[in-house]
Amino acid sequence: MSPAPRRSGFSRRRWLLSAAVLALAGFALALWLFLAQGGLTPLRVPVGEPWQGSDDPGQIAHGAYLARIGNCLTCHTSRGGIPYAGSRPFRSEYGVLYSSNLTPDPETGLGEWSLAEFNHSLRHGVSRTGLLYPAFPFAHFSHLTDEDVEALFAFLRQLPPVRQAAPANAMSAPASWRNFSMFGWRMLFHRPSAVIAQVPDDSGPAPSQAWQRGRYLVDGLGHCAMCHSGRGALQSLPASRYMAGEHITGQGWYAPPLDREALAHWQEPELAYYLRNGVSRHGSAYGSMAEVIFTSTQFLTEDDALAMAIYLKTIEPAPSVRHDRRSASRDPASAGIGNGMNVYRQQCADCHGLDGRGRGLDYPPLAGNRLVMSASGVNPIRMVLFGGVAPVTGGNRQPHSMPPYLTWLSDREVAEVVNYIRSAWGNQASAVTIDDVRAQHSLMLH
Ligand code: HEC
Ligand code: HEC
Ligand code: HEC
């Protein structure tokens, strides 16, 4: 016998063995991923008799309050459309998705749904429609209590039924193959525990009732992390980027980090006041946050707003936040101011003051201002380009507004004046570019 065939026999056995080991490892990994997204339970939609609704006015009122905090109205109403009848478009790199009709119409809404099915769609993101897309914050809603789910359904069931089917989604494959793509996505990314802060271990003092309530509201119904957490691959929300700040898909605005360092200058009652009124001595809320306050958090009870604030101020900064801050301060806006100071003197100083200290309560200071110095420059760019107005709330009945400079200043002048206000009067933040300004034009409407 020559050694050659023996070697090849040996390597074939080795090859078969490696293939078997690989197949086994692949199978184990798939099984692990399948179990990590919850196993079979989430995929089985419970059937049952249509729910007849509730005749308890207290429960319905409680549901209406919860619907405010969950902001169901905003996502489930099209511009100028009938409240809760759906069809609001959600744009992303995968195309356009439309929200569902939540009114009790039997054909196009939730009229035929059982309470178990409603519960299942909120908790697991699966309904008779199929596996739902994560534009619907079901990972957050998975933390709701049974009592709150029932109250929400009680509220929705007594709305006037509206017959309105959502337009067909316009997404590209493979995202458009709903069950196929979402099954894969859930295996890789659906981890409800990643969107809720873990309760500190037994070693420390037990968390207060207010803290627990705050966490329930912020991480559950309030789904604040949907904008404020950093995104991972394919729109996922990894635990490592919890509340680390992010540019909001398709909207242009940047939601800053929310953690105990980022909010160090806010007292809890100030933060609660901001959530209920949209204004504060640290500046007002604009853009997406103004919308959240206007449609949702201004309706919080004082206790619930305070509970949220208490919780927010205990969040540990995500590692990536520290990194962002360091690079921002290493790159102070020394270049790119160009004509910015003159533009400021001519266009802005009348209202905001030559010294950047603002005027009275109506014209906010830009010196030391959090929005001006936020890690990303997009928010001040948007303010200058499109102007802005804080939300109308109980504590801010007649807001003054900031005028838009879109047609008045060139993109270069906008970049320069933003760089000026990000570096004058002791302010320190990274420089913006003309391309940053240009990129905002296409996102004007949001
Ligand atoms: C950030 C936007 C957003 C918010 C907030 C939101 N939804 Fe939705 N919801 C959606 C979108 C988008 C869909 C459609 C998902 C899909 O087609 O896969 C949806 C789907 C649903 C469905 C499934 C309907 C069906 O026919 O399968 C239910 C039920 C639902 N939402 C209830 C609620 C309730 C109750 C609230 C408030 C507590 C709420 N949603 C808040 C965006 C949102
Ligand atoms: C739709 C996206 C979105 C959602 C949802 C959202 N925010 Fe915001 N938030 C923003 C944006 C954008 C800003 C920055 C704009 C500004 O400062 O005016 C912001 C700013 C803030 C600020 C000011 C922080 C600072 O340092 O300036 C606080 C506090 C805040 N949000 C709390 C919350 C809480 C609490 C929730 C949940 C109830 C929430 N946000 C939900 C988009 C969002
Ligand atoms: C006619 C008066 C006026 C002029 C001129 C003006 N602003 Fe404003 N600006 C305001 C008002 C009023 C607000 C607050 C709006 C609100 O709270 O609803 C504001 C808000 C802002 C904010 C957000 C600050 C915060 O946190 O509340 C920035 C940034 C800003 N202005 C920058 C500028 C720059 C840069 C210019 C010049 C290019 C400028 N403004 C010109 C009146 C003005």
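**Ground rules**

I am working with a predicted model, where local features need pLDDT of at least 70, side-chain atom pairs count only at pLDDT 80 or more, and totals for chains, interfaces and linings use all residues. Residues are numbered from 1 along each chain as its sequence is written, chains are lettered from A and ligands numbered from 1 in the order in which they are written, and side-chain values use heavy atoms, with hydrogens and water left out.

**Entry 1: ligand 1**

I began with the neighbours, taking a residue as near if one of its heavy atoms lies within 4 Å of the molecule. Ligand 1 has 27 residues around it, and Cys-72, Cys-75, His-76, Ser-127 and Arg-178 come nearest.

Next I looked up polar contacts (pairs of N or O atoms within 3.5 Å; within protein, one must be able to donate a hydrogen and the other to accept it, and residues adjacent in sequence count only if both atoms are side-chain atoms). The side chain of His-76 places an N or O atom 2.9 Å from a nitrogen atom of ligand 1. For Thr-129, a side-chain N or O atom is 2.6 Å from an oxygen atom of the ligand. Arg-178 likewise has a side-chain N or O atom 2.6 Å from an oxygen atom of ligand 1.

For secondary structure I used DSSP runs numbered from the N terminus, with helices (H or I) of at least four residues and strands (E) of at least two. Helix H3 (72–75) and helix H4 (115–124) each supply at least two residues of this shell, and H4 gives the most, with three residues.

I then sorted residues by class: Ala, Val, Leu, Ile, Met, Phe, Trp, Tyr, Cys and Pro are nonpolar, Asp, Glu, Lys and Arg are charged, and the others, Gly among them, are polar. The shell around ligand 1 has 17 nonpolar, nine polar and one charged residues.

I note that the domain bounds come from an automatic or database domain assignment.

**Entry 2: ligand 2**

Here I found 25 residues around the ligand, with Cys-224, Cys-227, His-228, Met-289 and Arg-370 coming nearest. A polar side-chain atom of His-228 is 2.8 Å from a nitrogen atom of ligand 2. Arg-370 has a side-chain N or O atom 2.2 Å from an oxygen atom of the ligand. Tyr-286 takes part through its backbone, with a polar atom 2.8 Å from an oxygen atom of ligand 2.

Among the elements that each supply at least two residues of this shell are helix H9 (225–228), helix H11 (287–295) and helix H12 (302–312). By class I noted 18 nonpolar, six polar and one charged. Domain 2 (209–324) and domain 3 (327–441) each provide at least three residues of the shell.

**Entry 3: ligand 3**

Ligand 3 is surrounded by 23 residues, the closest being Tyr-286, Cys-348, Cys-351, His-352 and Met-402. This time Tyr-286 uses its side chain, with a polar atom 2.7 Å from an oxygen atom of ligand 3. In Asn-369, a side-chain N or O atom is 2.9 Å from an oxygen atom of ligand 3. Ala-390 has a backbone N or O atom 2.8 Å from an oxygen atom of ligand 3.

Most residues other than glycine have a negative phi, and most peptide bonds are trans. I therefore looked for exceptions to that rule.

The peptide bond from Ala-173 to Pro-174 is cis, with omega near 5°. Pro-174 sits in the loop between strand E5 (170–171) and helix H7 (178–189).

Tyr-84, not a glycine, has a positive phi of about 70°. I placed Tyr-84 in the loop between H3 and strand E1 (89–92). Is Tyr-84 buried or exposed? Tyr-84 counts as buried, because its relative accessibility is 9% (buried is under 20% relative accessible area, exposed over 50%, partly exposed in between, with a 1.4 Å probe and protein chains only).

Gln-235 also has a positive phi, near 65°, and lies in the loop between H9 and strand E6 (246–247).
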